[in-house]
Amino acid sequence: MVAIVSEWWLRLLIGLVGSGLMGYAAYRARSLSQSGMMSAIVMGTSFILFGEPIWFTLLIVFFISSSFWSKWRKSSKAKQNAEQLYEKGSQRDAGQVWANGGVGLLLCVVYAATELQGLLLAYVGVMAAVTADTWATEIGALSKRQPRSVITLKPVQPGTSGGVTALGLAASTAGGLLIGITAYIMDSSLLHAIWIGALTGLLGSIADSWLGAKWQAMYRCVVCGKETERTSHCKQRTTSIRGAAWLNNDRVNMLSSIIAGLIAFILSILIMT
């Protein structure tokens with residue numbers, strides 16, 4: 001167990017202090033809610049306790065880059081209109097924190113116990129997917145072209161779950177590529193992480209859109225008639241129109257990251273054989 005060194009208490013202390021400072025700063029910047037801050041502290045500390053620097057670094061790159069795009073041009077009309085239809089805003093709560101980082105933390109703990117190299121590339125795939133999803137959502141909302149359903153390819157209203165744009169897909173690839181490049185910088189033996197990050201970022205984003213369009217719970221506002229992820233809109237209870245009630249956006253994000261992680265893990269096996 002290379003990752004779990006004898007100075008576990010020092011890792012724990014560094015994790016608590018470092019994650020605490022960053023979590024509080026994110027809370028003050030309104031990037032995290034109070035529950036999100038507490039979850040981020042627990043998660044960040046766990047990554048430092050069980051993992052080598054690459055694990056925590058990829059998590060930080062995801063969070064900082066995603067928070068930047070969430071805040072960038074937040075006042076634009078396109079982003080405001082789209083956010084009104086999303087289940088949650090740009091201030092991440094505990095559910096979003098665990099949906100984006102929980103699978104990665106599980107991989108980190110298993111890797112600490114087994115040192116199975118494929119798990120590290122699987123983690124690259126997971127983080128590429130969650131990064132790509134946020135980049136696609138935030139940057140894609142600025143597209144001047146109407147999004148199209150990932151299933152029917154017919155035009156859909158901006159903010160509709162399952163809607164994609166060329167700008168959003170390009171942003172997905174770029175987000176995944178950033179994760180891949182960061183992994184390579186942290187560990188020069190992970191050259192394949194660059195293209196695997198870009199590929200799984202794109203595929204994870206498409207999987208997220210497909211799951212969102214096919215099975216995510218969606219509702220219709222009884223006042224304005226818009227389709228939304230929210231159970232209330234225009235201060236009124238919305239009506240269910242499709243999807244499984246239990247499958248909200250957080251769970252869609254987690255499922256798509258698992259798919260991307262599996263793809264990356266399979267690619268790692270093919271590379272090493």
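**Helix packing and the second largest pocket**

Helices α1 (8-28), α2, α3 (53-71) and α5 each contribute at least two residues to the lining of the second largest pocket. The model is a predicted one.

**Second largest pocket**

- The second largest pocket holds about 300 Å³ of space.
- Its lining comprises 21 residues, and those closest to the pocket centre are Leu32, Ala40, Leu59, Ile60 and Phe63.
- Helix α3 makes the greatest contribution to this lining, supplying six residues.
- By class, the lining of the second largest pocket consists of 14 nonpolar residues, six polar residues and one charged residue.

**Packing of α2 with α3**

- The axes of α2 and α3 lie 7 Å apart, and the two helices pack at an angle of about 150 degrees.
- Because angles over 145 degrees count as roughly antiparallel, α2 and α3 are therefore assigned to that class.
- The crossing of α2 and α3 is left-handed.
- On the α2 side the contact is formed by Met43, Gly44, Phe47 and Ile48, and on the α3 side by Trp55, Phe56 and Leu59.
- Six nonpolar residues and one polar residue make up the contact of α2 with α3, with no charged residues.

**Packing of α2 with α5**

- Helix α2 (residues 34-50) packs against helix α5 (residues 94-114) at an angle of about 10 degrees, with 10 Å between their axes.
- That angle makes α2 roughly parallel to α5.
- The crossing of α2 and α5 is left-handed.
- From α2, the contact involves Ser35, Gly36, Ser39, Ala40, Val42, Met43, Ser46, Phe47 and Phe50.
- From α5, the contact involves Ala94, Val97, Trp98, Gly101, Gly102, Gly104, Leu105, Cys108, Val109 and Ala112.
- The contact of α2 with α5 divides into 12 nonpolar and seven polar residues, with no charged residues.

**Packing of α5 with α9**

- The axes of α5 and helix α9 (residues 249-272) come within 9 Å and cross at roughly 10 degrees.
- This angle makes α5 roughly parallel to α9.
- Helix α5 contributes Gly95, Gln96, Trp98, Ala99, Asn100 and Val103 to the contact, while α9 contributes Asp250, Asn253, Met254, Ser257 and Ile258.
- By class, the contact of α5 with α9 contains five nonpolar residues, five polar residues and one charged residue.

Note on methods: Residues are numbered from 1 along each chain as its sequence is written. This is a predicted model: local features need pLDDT of at least 70, side-chain atom pairs count only at pLDDT 80 or more; totals for chains, interfaces and linings use all residues. Side-chain values use heavy atoms; hydrogens and water are left out. Axes are lines fitted to C-alpha atoms, for helices over the stretch in contact, and angles run from 0 to 180 degrees between N-to-C directions. Helices (H or I, at least four residues) and strands (E, at least two) are DSSP runs, numbered from the N terminus. Angles under 35 degrees count as roughly parallel, over 145 as roughly antiparallel, 65 to 115 as roughly perpendicular and the rest as oblique. A crossing is left-handed if the near helix is turned anticlockwise from the far one by less than a right angle, and right-handed if clockwise. Contact means heavy atoms within 4.5 Å. Ala, Val, Leu, Ile, Met, Phe, Trp, Tyr, Cys and Pro count as nonpolar, Asp, Glu, Lys and Arg as charged, and the others, Gly among them, as polar. On a 1 Å grid over the protein atoms alone, a cavity is a set of points where a 1.4 Å probe fits but cannot get out, and a pocket is an open set with protein on both sides within 12 Å along at least five of seven lines; lining residues have an atom within 4 Å of a point. Grid points are joined across faces, edges and corners, and a volume is the space filled by probe spheres set on the points.
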